[in-house]
Amino acid sequence: MAGRQDELAHEQAVVDVLYTRLDELRARARGRLREVRREGPSGSPQNRSERDAFATLYEDRAAQLDAVEDRLAFGRLDLDDGTARYVGRIGLTDDEQRSLLTDWRAPAAEAFYRATALQPAGVRRRRHLVTAARRVTGLEDELLDLDHVDADTQNLSGEGALLAALASRRTGRMTDIVATIQAEQDRIIRSDLAGALVVQGGPGTGKTAVALHRAAYLLYAHRRLLERSGVLLVGPSRSFLRYIDQVLPSLGETGVVSTTVGELLPGISATAVDDGPVAEIKGRLLWGEAIRRAVRARERVPERDVRFRLDGHQLVIRRRDVRDAIARARRGHKPHNEARAGFVRDMLARLADQYRTLDGGDLTPEDRAIVLEDLRSTREVRVALNLAWFPITPERLVADLFAKPHRLAEAAPSLSAAERDLLRREPGAPWTESDVPLLDEAAELLGDDDALARAEASARAAERAEALEYARSVLASGAAASSMIQVDAETLAERFATTGPRMTTAERAAADRTWTYGHVVVDEAQELSPMAWRMLVRRVPTRSMTVVGDVAQTSSQAGARSWSSALTPVLRDGWRLEELTVSYRTPAEVADTAQRMAKAAGLPVSPLTAAREVPGALELHPVDAQGAAARLHEAVVDQVARLAAEFVGHDGAGRVAVVVAEAGRGPVRDAVEAALPRALGADEAARVLAQKPEDRQVTVLSPRETKGLEFDAVVLVEPADVAAGAGGPADLYVAMTRPTQRLVVLHERALPDGFEG
Ligand SMILES: Nc1ncnc2c1ncn2[C@@H]1O[C@H](COP(=O)(O)OP(=O)(O)OP(=O)(O)O)[C@@H](O)[C@H]1O
């Protein structure tokens, strides 16, 4: 026992040194920040923007140092050469540049996650440090020595620390797993940047966790590349993004744009939802061609020549000329709106030639310029040229397709009349998530509306070049050398550029439709339609992507049933597949039951082994409500009261969710909220009801709203209804696999196949 106390005391001393160093670095970053700010808003614009850029660097550094307060160090490797290496959330060195703590993402930390008795990678002992605030409260050692291999163990590394993490009470926010990443997960996290990596895995296998840690790893390992180009993270909903939004900053990363497909297009907010069949049609790849045709339909030879008079001359806008000018403008392969200027110039030149001939001679350049201007402002000319080459926004183009049957018939002849009818919609209707990839396609083919935008872009490029020049001179002057942050000229220039020195890569990327990212991470990727894939792939020309999901959990009718059918059309063979097989969330009994149900329903389930047994994790309660909703609601409230008493803590940790088919959610939510004061007591009910929806410790959700989330306990109401809803048995599979501790099933109808072993 004394030995253990000594060990704890020794590790405490090491951890104390690390926190002292952390405090020093924080004080240093804050001191520099204060100095920069003290200089105030004086000096030349260049001085000011230099100061702003350094202020941003120091702020970032201070924020990064603040974010690693908890579990700063969590591991120690004892190596064959007799040295010890500490692993933590960031790397720390002393003033002589000697390593004190190795960043978990560094190659030197890899063995902490990967070493096994069979492949010890130079490691003799792996130690997990358990800490509470700055105190070391426990140690867990694994000797990587063949004599200690137990063939029956599941090969979980740091099992004690892992199981403690898995059993902890849930809040509305996901936490990082740096201390307990498992070997199969680590291999994925550190996999090569190049190409698309697809991670298939059953519910709770850590796909989201792995995707986020991979983003952090890539930003660390490929900082120069990704800091400038950014990483795009696409999730299924805003509430999901809120659930995960603290994971990346706590890993120390800010170069990430998190968004949904519905919000990916700047300026468009998709608030409506399409029915399954409509979403499916809008998700088909045929829209690439259909939008192209719709755009072409706005480049049209008129039915007859148009005559008009200018200065007493009778001029003709000839069909033949329009046809030639259209053909010539198309040959430039520019987007429609950008090519329009060329078309108009060409037509005006032809009309000016007619004028000259009728005028009986040469025009001086000055006269010709005046004629061109007169032609341009002649009403008949404006109308005819607009009809021939109509300037149009993506929104108008797509809205017209759905509002005007002839336009849709012309653009998408392969759709049946019944399918086209399904798409029919009034102009001005709100956008849906499945409209967004179509709008993006249209924006791509239409381009910017006018020359002004191009002029602005080239002005911005010039400013950036100037900023780069300036940044180089700053670096050469040594001003940045005094900073503790390594920075290159391009990065600094980005910050100096007049888009605002305080704008991060992520902010600039989010505002720019044509931004191309260095890497794209897609979570719950099975829900994406083929058109949504097309939209994403356009944003990452290198095809460097991490795609995580589970094709057995697909609830969207436009989503994927197999990865190859979803990805081959857009990535061809440029993707590789990895699988995760251990469920870290769901207790074994619940995971097994969910798997049996899913298999019986014919879902393409992946193998799944639960990391934990939790006794009594599954309860099946038949309810004899005789069809009366009120009685069923009573039963739900009783369970909520019981589970809340067991799992919901006053400190905000511990969550209970009632999951009920979409159609019944409203009434069940009302019933539960009305009964909360009785069930929990007035004060506790008031506390819970005052919580933000995403943090609420007692909540009523539809299966789809729970996607990607987890709770300590779930009350699942009438599984047969859930399986019969729009998402089918996949939604039931999702609902069943949300709890970390307990699944309570209330059912009046028969349970779906597979439920009872
Ligand atoms: N190595 C690990 N150490 C500690 N916790 C882990 C580990 N791996 C996964 N977890 C935890 O398991 C839970 C499930 O992980 P996650 O949400 O990433 O799974 P998922 O595969 O995305 O699930 P779903 O398919 O349901 O969306 C989370 O609470 C996560 O923190």
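Q: At what angle do helix H23 (residues 530-538) and helix H24 (residues 563-571) pack?
A: This is a predicted model, in which local features need pLDDT of at least 70, side-chain atom pairs count only at pLDDT 80 or more, and totals for chains, interfaces and linings use all residues. Residues are numbered from 1 along each chain as its sequence is written. Helices are DSSP runs (H or I, at least four residues), numbered from the N terminus, and angles run from 0 to 180 degrees between N-to-C directions of axes fitted to C-alpha atoms over the stretch in contact. The axes of H23 and H24 are 10 Å apart, at an angle of about 40 degrees.

Q: How are H23 and H24 oriented to each other?
A: Angles under 35 degrees count as roughly parallel, over 145 as roughly antiparallel, 65 to 115 as roughly perpendicular and the rest as oblique. H23 and H24 are therefore oblique.

Q: How many charged residues does the contact of H23 with H24 have?
A: Residues are in contact if their C-beta atoms, placed from the backbone, lie within 7 Å. Pro530, Trp533, Arg534 and Val537 of H23 meet Ala566, Leu567, Pro569, Val570 and Leu571 of H24. With Asp, Glu, Lys and Arg counted as charged, the contact has eight nonpolar residues, no polar ones and, as charged residues, one.

Q: Which residues touch the most other members of the largest nonpolar core?
A: Such a core joins buried Ala, Val, Leu, Ile, Met, Phe, Trp, Tyr and Cys residues through C-beta atoms within 7 Å, buried meaning 20 or more other C-beta atoms within 10 Å. Of its 167 residues, those touching the most other members are Ala215, Val636 and Val658.

Key: Helices (H or I, at least four residues) and strands (E, at least two) are DSSP runs, numbered from the N terminus. Two residues are in contact if their C-beta atoms, placed from the backbone, lie within 7 Å. A residue is buried if 20 or more other C-beta atoms lie within 10 Å of its own, exposed if 12 or fewer, and partly exposed in between; C-beta atoms are placed from the backbone.
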